[in-house]
Amino acid sequence: MSKYAPKLSELKKEFDEKPTVLKGDYSPQEWWERPVEFRDGNWCFSGKPEVLQDLGFANPRKWAATDDDWQLPPGWQKTISEGLQSRLKKYRSLKLFLDACVRCGACADKCHFFLGTGDPKNMPVVRAELLRSVYRNDFPLVEKILKGFSGSRKLTEAVIKEWHMYFHQCTECRRCSVFCPFGIDTAEITMMVRELLNLIGVNNNWILAPVSNCNRTGNHLGIEPHTFVQNINSLVEDIEDLTGVAVEPTFNRKGAEVLFITPSGDVFGDPGVYTMMGYLLLFHHIGLDYTISTYASEGGNFGMFTSNDMMKKLNAKMYHEAKRLGVKWLLGGECGHMWRVVHQYMNTMNGPADFLEVPVSPITGTRFSNAAATKMVHIAEFTADLIHNKKLKLDPKRNDHLRTTFHDSCNVARGMGMFEEPRSILRNVCNSFHEMAEDTIREKTFCCGSGSGLNAEEYMEIRMRGGFPRANAVKQVKDRHKVNSLVTICAIDRASLPPLMNYWNPGVSVYGLHELVGNALVMQGEKKRTTDLRENAMAGFEDGGDDEE
Amino acid sequence: MKKVLMPLVMVAILALIPFVGVQYAGLSYLFGVIIPFAAIVVLLAGFLLRMADWMRRPVPFRIPTTCGQEKSLDWIKYDRLESPAHFWEAVARVLSEVFFFRSLFRNTRAELHKDANLAYGSHKWLWLGGLAFHWSLLIIVLRHSRFFFVMVPGFTDFLDHADGFLDVTLPTFYITDAVVLAAITFLVLRRLMDAKMRLISLQTDYFPLFLIAAIVVVGVLMRYVVRLNIMPVKDQMLRLVNFSFDAPGEIGTLFYVHLFLVSVLAIYFPFSKLMHAGAIFLSPTRNLSNNSRQKRHINPWNSAIKFRTYSEYEDDYREKMKKANLPIEKQ
Ligand code: HEM
Ligand code: SF4
Ligand code: SF4
């Protein structure tokens, strides 16, 4: 277990014994009187100077959140307050969300970080109040007469430290926004504050390093073109070993019908690579005319966790590459925040994509009119359509060793509204699927606790706390239905849920949806399959077993 | 608890001002004409300016919070209200929030139990209390229209009868008076009793609740206890509506307290969280349809940025790409 997280027994003891607001304890201390303490496990390493220089970002220096002096640049107050003013002008959302809150408290216990820490500043309303209290200070006269009436305060270095802590204990998951009677979205406020913090060099290396990598090499992991190709080719070899089928992906090929883009975690990380194998098998199975780009080799977009301009800059590669290659439309892999960007931002930022065609599935003829402008289709929509039209030969029994439950990823759930497509696929590729509790799925889904660029090893304590509500819901179906597989459609989930499960629910493994598709696909010319893509034995397909294969 | 006492004291002082002013200083013209009129002007102008101030700011991105299935494949039923695909569906979504507090209806309460177990209970009290509070307030305001018209409008009559169906007292007892008082009591108590609420509440949260409560209490006193004569009040209101600034006739002092507190509420409204009444119509997470992939949403200030182009990339990696047999543009 990570040295950055307490032992599970210690954490449970704390949950049982420590009085918190969550458990109804009211200490007379107001939230703005509570100190901010950085210690091991609750802060991410700060952006390396060379990374900042590479990106042209402000105030490159060596520093740590635990330092007393953060070496903020001279005039930082002015930078922040001007930055805030200009964003208030550009975003109605920000202005409205700062103005409209009635502090009704409906959002208070909806945030996974509040549930996992009991820290009052993790109630979404207070998180927003951290900024709101400074924003209100624009009316100093009122505050002078009625001291303490509107709860405003001055912008000090202590406030910056507080922002750094609590706007990095928000994964921009939007769960609070579902419950707010005015739809106030704390994620929107977090995005704005992170932009502001970056203006004065208060940052997180786990976000900025991928941003810089992505800009340079095309993907977060900084994989150069030849290595990228090598990696996929080694997956191709694994597929051949396992199934006897030689799949043939192409790279940077002009004239392909479809450009396929997925998070680079699927190419490099475990267990993402198995999901990648699933895609490759699927495309081979249906004979899709597709190509993969080494230049636009990242579906994810950590720019989103940095600033909207950076999001746009990284995202621009998708259309740029689609145009260069002359493809007809784009197909996107399983990922959460990638799809928030593609669905709600891409076409506005980098469109119009009128050099592409409205996506039509070459196999079923289905016209994806819901993607008529963006021209990008989600792989789950694509596959659900294939299955619905009976174009896939599937043997769901091959997933009988897996008892599954499905984790809705925040962004796909609350920033896109995709709930049924993955479920319809899952029901068709496996026989055992149990939903988690109703208050923890679909639009009410709980974050993995590590989204929005918080997946750093040194942040383990906060991640394990933030992921607690999700883990707890998994535990219930594990106890009740012997669930052993947590299926997701998000690359960050695939990286962050395994340690979360190890911590809270050992024995539960994490799968991408298309890994299960890959397991179930009956390929033409395949050899007898006894193991799944992870080389785990499948139930009922043992060597020499008398199954009907 | 300074947070609670301060607003309480403020409301008490505010109630005393017109009492002293009219009873002892004879300022009935000030409190009966000038202040109410100014208050109306501030309310209307302030409300419109605040709305205009929001509306002139662009909505750069289409960011609805999708609380239901998107419209994608034909055979998957989409949620017209929670993931609207068309303009009118989004309108319906906003109206369902305005009239029924739909999102609040979802409310749950999380509890942390022994051995690290979370439980979520349905928790509709705020929804119920909030609805009771707002609907009663609305009906009460509409009922007041009988003071502003020579001929009492039909709907006011209807409201009067419906609201007073418990015809047990003289004058008829209005249900809404009791409901709104009960609801306010609940809304204040929950801020005091629940640890989370106590922590997030500011003075600005208690103040309007106390103010409205005071208005209602004074109103109830006038109607059921002190039994004020209505006719001069109606005369006075008609005069105001007709922009006539004659001095008011003989009206009990309590009325001036009521009217002054209403004026304070009206003036306070545009500068405070009470503007949520307008904001709810403009919230971009609720009033936009979820069709950003189908139809391009325009950002008026779409920033010009320079991204790293393919040719720059190829220039950096050409040799490596050649070795990996990747097609390249330039040799
Ligand atoms: C379009 C009309 C309006 C809508 C849709 C609306 C909606 C809401 C909602 C959903 C809440 C949160 C839940 C609650 O505490 O009840 C709320 C709170 C509140 N509203 Fe309204 N409202 C409207 C107009 C007004 C008006 C005209 C007033 C007063 C003059 C008002 C006074 C309040 C107060 C004082 C609260 C806070 C309650 C508390 O502190 O617990 N609202 N409103
Ligand atoms: S639910 Fe909305 S209005 Fe209520 S406290 Fe939270 S952000 Fe404010
Ligand atoms: S967006 Fe998610 S993480 Fe952020 S405050 Fe809301 S519920 Fe918490």
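Helices are DSSP runs of H or I of at least four residues, and strands are runs of E of at least two, both numbered from the N terminus. The views below show a predicted model, in which local features need pLDDT of at least 70 and side-chain atom pairs count only at pLDDT 80 or more, whereas totals for chains, interfaces and linings use all residues. Residues are numbered from 1 along each chain as its sequence is written, chains are lettered from A and ligands numbered from 1 in the order in which they are written, and side-chain values use heavy atoms, with hydrogens and water left out.

View 1. His134(B) and His276(B) each coordinate the iron atom of ligand 1 through NE2, at 1.9 to 2.0 Å (donors are N, O and S atoms within 2.8 Å of the metal, or 3.2 Å for Na, K and Ca; water is not among the atoms, so sites may look incomplete). His134(B) belongs to helix α5 (residues 125–143) of chain B and His276(B) to helix α12 (residues 276–282) of chain B, so the two histidines tie together parts that are 142 residues apart in sequence. His134(B) is partly exposed, as its relative accessible area is 32%, whereas His276(B), at 15% relative accessibility, counts as buried (buried is under 20% relative accessible area, exposed over 50%, partly exposed in between; 1.4 Å probe, protein chains only).

**View 2. The shell around ligand 1.** Ligand 1 lies between chains A and B. It is surrounded by 22 residues, the closest of which are Gly130(B), His134(B), Arg191(B), Leu209(B) and His276(B) (a residue is counted if one of its heavy atoms lies within 4 Å). In chain B, α5, α7 (175–193) and α12 each supply at least two residues of this shell, and α5(B) gives the most, with five residues. A polar side-chain atom of Arg191(B) is found 2.8 Å from an oxygen atom of ligand 1.

**View 3. The surroundings of ligand 3 in chain A.** The shell of ligand 3 holds 13 residues, and Cys111(A), Cys170(A), Cys173(A), Arg174(A) and Cys176(A) are the closest. Three helices of chain A, α6 (124–135), α9 (175–179) and α10 (186–199), each contribute at least two residues to this shell.

**View 4. Gln169(A) and its partner.** Gln169(A) is placed in the loop between α8 (157–166) and α9 of chain A. With a relative accessibility of 3%, Gln169(A) counts as buried. Its side chain makes a polar contact of 2.9 Å with the side chain of Asn122(A) (a pair of N or O atoms within 3.5 Å, one able to donate a hydrogen and the other to accept it; residues adjacent in sequence count only if both atoms are side-chain atoms).

View 5. Over all chains, the whole structure contains zero disulfides (pairs of cysteine sulfur atoms within 2.5 Å). For Cys44(A), the nearest cysteine sulfur is that of Cys448(A), 13 Å away. Cys44(A) counts as buried at 5% relative accessibility, and Cys180(A) counts as buried at 8%.

**View 6. Cis peptide bonds in chain A.** The bond from Asp270(A) to Pro271(A) is cis, with omega near 10°. Pro271(A) sits in the loop between α13 (265–268) and α14 (272–286) of chain A. Gly351(A) and Pro352(A) are likewise joined by a cis peptide bond, with omega about -5°. Pro352(A) occupies the loop between α16 (337–350) and β4 (376–378) of chain A.

View 7. Although not a glycine, Asn59(A) has a positive phi of about 60°. It is located in the loop between α2 (49–55) and α3 (76–90) of chain A and, at 18% relative accessibility, counts as buried. Lys482(A), also a residue other than glycine, has a positive phi near 55°. Lys482(A) lies in the loop between α21 (468–481) and β6 (485–488) of chain A, and its relative accessible area of 64% makes it exposed.

**View 8. Phe148(B) and Leu240(B).** Phe148(B) is part of the loop between α5 and α6 (154–163) of chain B and is partly exposed, with a relative accessible area of 33%. Phe148(B) and Leu240(B) are separated by 92 residues in sequence, and their C-alpha atoms are 8.6 Å apart in space.
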